[in-house]
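Reader: Could you take me through how the helices pack in this model, starting with whichever pair you like?

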Amino acid sequence: MNSRVWDEINAIRFDAFSKIHYKNKQEKYAALLMTRVSELCQDSHLLLKENRIASAPIILRSALESYVDVMCGIRDIDYIDEINKSFDFYKKKVKGEQVNLRELLSIKKKFELADELGIYNGFYAHLCRNSHGNVEMLVNYHAVGENISIGHTPDLNEVKTLENQAIALTASALISGLKLLGKFDSQINLLERIQKRAGSGKYV
């Protein structure tokens with residue numbers, strides 16, 4: 001498991017964030033969301049490092065959803081209203097008030113707005129399948145052959161795929177957010193190298 005790349009990402013991230021001065025809500029939300037993406041992805045790395053693979057897809061799914069929020073917010077400043085509307089609905093539900101969830105954007109529509117429909121039908125679908133008690137998840141993560149297994153060493157290829165996706169997702173979110181914020185060319189260049197290597201499966 002390659003932890004060095006996360007040291008590189010964190011050094012780039014801390015350097016960039018020490019210089020961020022957001023000018024409006026769009027930039028503030030982008031900074032918050034790319035922070036969430038990178039934190040969740042690093043959490044998945046820590047689990048994978050300890051061979052705790054079962055929860056990694058669940059965390060990565062949430063990270064991917066936040067990445068889509070980043071991209072939607074960058075493409076359309078009014079998307080912030082959608083994020084706030086979701087919170088308003090939550091507060092009403094807690095109070096027992098009726099809400100019409102159909103007024104909120106579906107997750108598929110969000111991927112479409114982010115121009116990431118291919119990921120929705122591919123990697124996101126894979127993460128969703130592995131976030132529930134589906135047959136393939138039970139077989140892949142909780143059994144060895146015909147036997148139920150607790151804490152066995154996971155398949156290295158599966159670990160490598162998840163780890164590289166976590167690195168690529170972190171780099172992608174940071175690159176997109178920093179481009180919006182501007183004046184972060186040196187950090188973006190470093191992240192693009194990391195992104196390229198992760199996309200080629202060079203890590204792990």
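**Helix packing**

Author: The axes of helix 2 and helix 8 come within 9 Å and cross at roughly 165°, where axes are lines fitted to C-alpha atoms over the stretch in contact and angles run from 0 to 180 degrees between N-to-C directions. That makes helix 2 roughly antiparallel to helix 8, a label for angles over 145 degrees. Helices here are DSSP runs (H or I, at least four residues), numbered from the N terminus.

Reader: What should I know about the model and the numbering?

Author: This is a predicted model, in which local features need pLDDT of at least 70 and side-chain atom pairs count only at pLDDT 80 or more, while totals for chains, interfaces and linings use all residues. Residues are numbered from 1 along each chain as its sequence is written, and side-chain values use heavy atoms, with hydrogens and water left out.

Reader: Now the core: which residues touch the most other members?

Author: In the largest nonpolar core, which has 47 residues, they are Met 34, Cys 41, Leu 64, Tyr 67, Leu 162 and Leu 178. Such a core is a set of buried (under 20% relative accessible area, 1.4 Å probe, protein chains only) Ala, Val, Leu, Ile, Met, Phe, Trp, Tyr and Cys residues joined through side-chain atoms within 4.5 Å.

Reader: Which helix gives the largest share of this core?

Author: Helix 8 does, with eleven residues.

Reader: And what does Tyr 67 touch?

Author: Leaving aside residues up to four places away in sequence, Tyr 67 touches Val 37, Glu 116, Leu 169, Ser 172 and Ala 173, with contact meaning heavy atoms within 4.5 Å.

Reader: How do helix 1 and helix 9 cross?

Author: Their axes come within 10 Å and cross at roughly 160°, so helix 1 and helix 9 are roughly antiparallel to each other.

Definitions and conventions:
Helices (H or I, at least four residues) and strands (E, at least two) are DSSP runs, numbered from the N terminus. Angles under 35 degrees count as roughly parallel, over 145 as roughly antiparallel, 65 to 115 as roughly perpendicular and the rest as oblique. Buried means under 20% relative accessible area, exposed over 50%, partly exposed in between (1.4 Å probe, protein chains only).
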